[in-house]
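Student: Please take a close look at the interface in this model. Start there, and then go on to the parts on either side.

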Amino acid sequence: MTDRFAAAPIVRPVTDPWPRRARLVEHSILPGFKLSLGITLIYLSLIVLLPLTALAVRPWEIGVEGILRTLTDPRVAAALKVSFGISLAAALVNAPLGLMLAWTLTRYRFPGRRIMEALVDLPFALPTAVAGIALTAIYAPNGPLGALFAKIGIKTAYSPVGIFIALVFIGLPFVVRSIQPVLEDLDKDVEEAAQTLGANDFQRVLHVVIPAIGPAILSGVSLAFARAVGEYGSVIFIAGNLPLKTEIAPLLIVIKLEEYDYAGAATIGLAMLAISFGALVVMNIAQIFLARRGRA
Amino acid sequence: MTHDLTVSRRGLLSAGAGVGAAALLPAAALAQGSKATTLLNVSYDPTRELYKEINAAFAEYWKGRTNQVLTLNQSHGGSGKQARSVIDGLQADVVTLALAADIDEIAARAKLLPANWQSRLPNNSAPYTSTIVFLVRKGNPWKIRDWPDLIKPGIGVITPNPKTSGGARWGYLAAYAAAAKTGGDAAAQAYLAKLFKNVPVLDTGARGSTTTFAQRKIGDVLLTWENEAYLTIDEFGPHDIVYPSSSILAEPSVALVDKNVDRHGTRTLATGYLNFLYSPRAQEIIAKHHFRPRDQAAFARYARYFKQIPLVTVDSAFGGWKKAQATHFADGGVFDRIYRP
């Protein structure tokens, strides 16, 4: 924010927001470019594009009016709000906590560190239904933690708080694993230089470390967010699934399917896709700006 | 996650199901030349234990008659979901679902069996019946005796979502019929609105609700199948079963999936399987699992489990499943209106 001049691309070519484009042309001198690009395109089309096209085609069966009616339905609107709102909250909370975890794992050596490393990955590996059932057992009013929270008047399982807990759980590894490698690669000299110039610990972290890993934090947060929005398995066990209150959009899609309303289900799916895509674009732009600032 | 749920196009799914069925078939073909001896029964949630025992009995019976060794596969889940899987290409030889409406959907949407399927077997194609009862905590601390008690303030009622669960649909209709008896449709809809205000957790299937009520100890009364209530007592220890002053005659129906059995060459076997459900031996197993058998002798032996209360039928009270489905559970129906903000 302070160094707008430094960020101008003419002054520093390094800060070109699309460095990959330039590199692509350079690297095409390497053999096998056409072959690998071809395989990439076919693979992407089959795995990503084809199903998404099917999804994009389906809703129009009910016409624009039908799509609008589906999306303005209070229950659908409420479900989208629950899904995106709580996902965002969970991803944001995971940012500082994930950073702390990554920091602890990279900067300190202590017994049990490797076990901790493995534990971080556990939400990746655990089947989501298992995670949901385990979390529900713990946070239900008769579970050990749920009872504790109930005593101070906080309802955990079967409330939005329960959804939040599940989404924090599944999102954590995305944030930690995004930050960790960047933190490991961070040049010690820069920090040492800052120290010799008289920066205290706090200043060093705030002005040197954070700007450098900012893009990584953001990418971790967007990954966690994207994952949370689509999460179904773990959430339906802990959510309570009450329409307008704790019903997530993916569950509403399943309910529409049970009604043989394929077009309605696809409409919600497409809306989620559009919102997610918009959110990811915003986060990517923010990331590019952060990256510029970090390098400047 | 979301996307693969959303894009469950029929073509894609049937391809997947076809691969699954192809994996099953060669083994059967090898064992008996061209005559297939594998049967897939696609059923609903609370019948797992029942069909496990029936399948064992049928395999033994069939071996005695034809000397064929059978492989009987069973698949369970929410009734609506199971019907949709069959429509999308799951190769069921027979379906044994929670309600006729779900089999109607298979007939109407995928044309896998004729529309008059229900008249092909005795008793509306339902070899057993059940009803909806209340399951309460031991000693019935909140003195829940009948339908009006469920809408008292502070009472937590556990039921699955009628949109996704067959049992919940029967429960919803039982509640509706009881309330409509005194005040007509308006009173019934007001009653159901209050009832669902008392529901703190809506699970997607009967088993999920059982877990919520019995294991997580949420709520004061579970609205469930009679057989599921007895199973809960067996699994989770003492609870009290309360029979309301009236309930509904639930007829879980069974049917042969014509197009699939012809493709697999399993018509004789599947017909034998469904007829076996009406035999005294199967009826005894059915009664033992707390489903109400059609066979009077079996019923009499287990009569102490089946309290006689007035039961309305879907046909007389709601004009059949097709109409009930369209009025109450379709998009924008009565149930949807309960949850308008």
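Tutor: The contact involves 41 residues of chain A and 36 residues of chain B, contact meaning heavy atoms within 4.5 Å. This is a predicted model, in which local features need pLDDT of at least 70 and side-chain atom pairs count only at pLDDT 80 or more, while totals for chains, interfaces and linings use all residues. Residues are numbered from 1 along each chain as its sequence is written, chains are lettered from A and ligands numbered from 1 in the order written, and side-chain values use heavy atoms, with hydrogens and water left out.

The size of an interface is often given as the accessible area lost when the parts come together. Here chain A and chain B bury about 3,300 Å² between them, with 60% of that from carbon and sulfur atoms; the figure is the accessible area (1.4 Å probe) that two parts lose on being put together, summed over both. On the chain A side, the greatest losses to chain B fall on A:Tyr158, A:Glu258 and A:Tyr260, which together give 21% of what that side buries.

Beyond neighbours within four places in sequence, A:Pro141 has contacts with A:Gly146, A:Ala147, A:Tyr158 and, from chain B, B:Ile218. The loop that holds A:Pro141 runs between helix H6 (128-139) and helix H7 (144-151) of chain A; helices (H or I, at least four residues) and strands (E, at least two) are DSSP runs, numbered from the N terminus. With a relative accessible area of 41%, A:Pro141 is partly exposed, the class between buried (under 20%) and exposed (over 50%), for a 1.4 Å probe and protein chains only.

As for the chains themselves, chain A has 13 helices and zero strands, and 43% of its 296 residues are buried. Chain B has 16 helices and 13 strands, with 58% of its 341 residues buried.

One element of chain B can be followed inward. Helix H5 (residues 100-110) of chain B has nine of its 11 residues buried, so the rest of the structure largely encloses it. Those buried residues pack against helix H4 (79-87), strand E3 (94-96), helix H7 (166-197), strand E11 (254-256) and helix H15 (321-329) of chain B. Just past the end of H5(B), B:Lys111 has a positive phi of about 55°.

Two of those partners also pack on each other. H7(B) and H15(B) meet at an angle of about 85°, their axes 12 Å apart; the axes are lines fitted to C-alpha atoms over the stretch in contact, and angles run from 0 to 180 degrees between N-to-C directions. The pair is therefore roughly perpendicular, the class for 65 to 115 degrees, against under 35 for roughly parallel, over 145 for roughly antiparallel and oblique for the rest. H7(B) contributes B:Arg169, B:Trp170, B:Tyr172, B:Leu173 and B:Tyr176, and H15(B) contributes B:Trp321, B:Ala324, B:Gln325, B:His328 and B:Phe329.

Elsewhere in chain B, B:Asn260 sits in helix H10 (residues 258-264) and is buried, at a relative accessible area of 2%. Residues up to four places away aside, B:Asn260 touches B:Leu90, B:Gln91, B:Ala92, B:Asp93 and B:Leu112.
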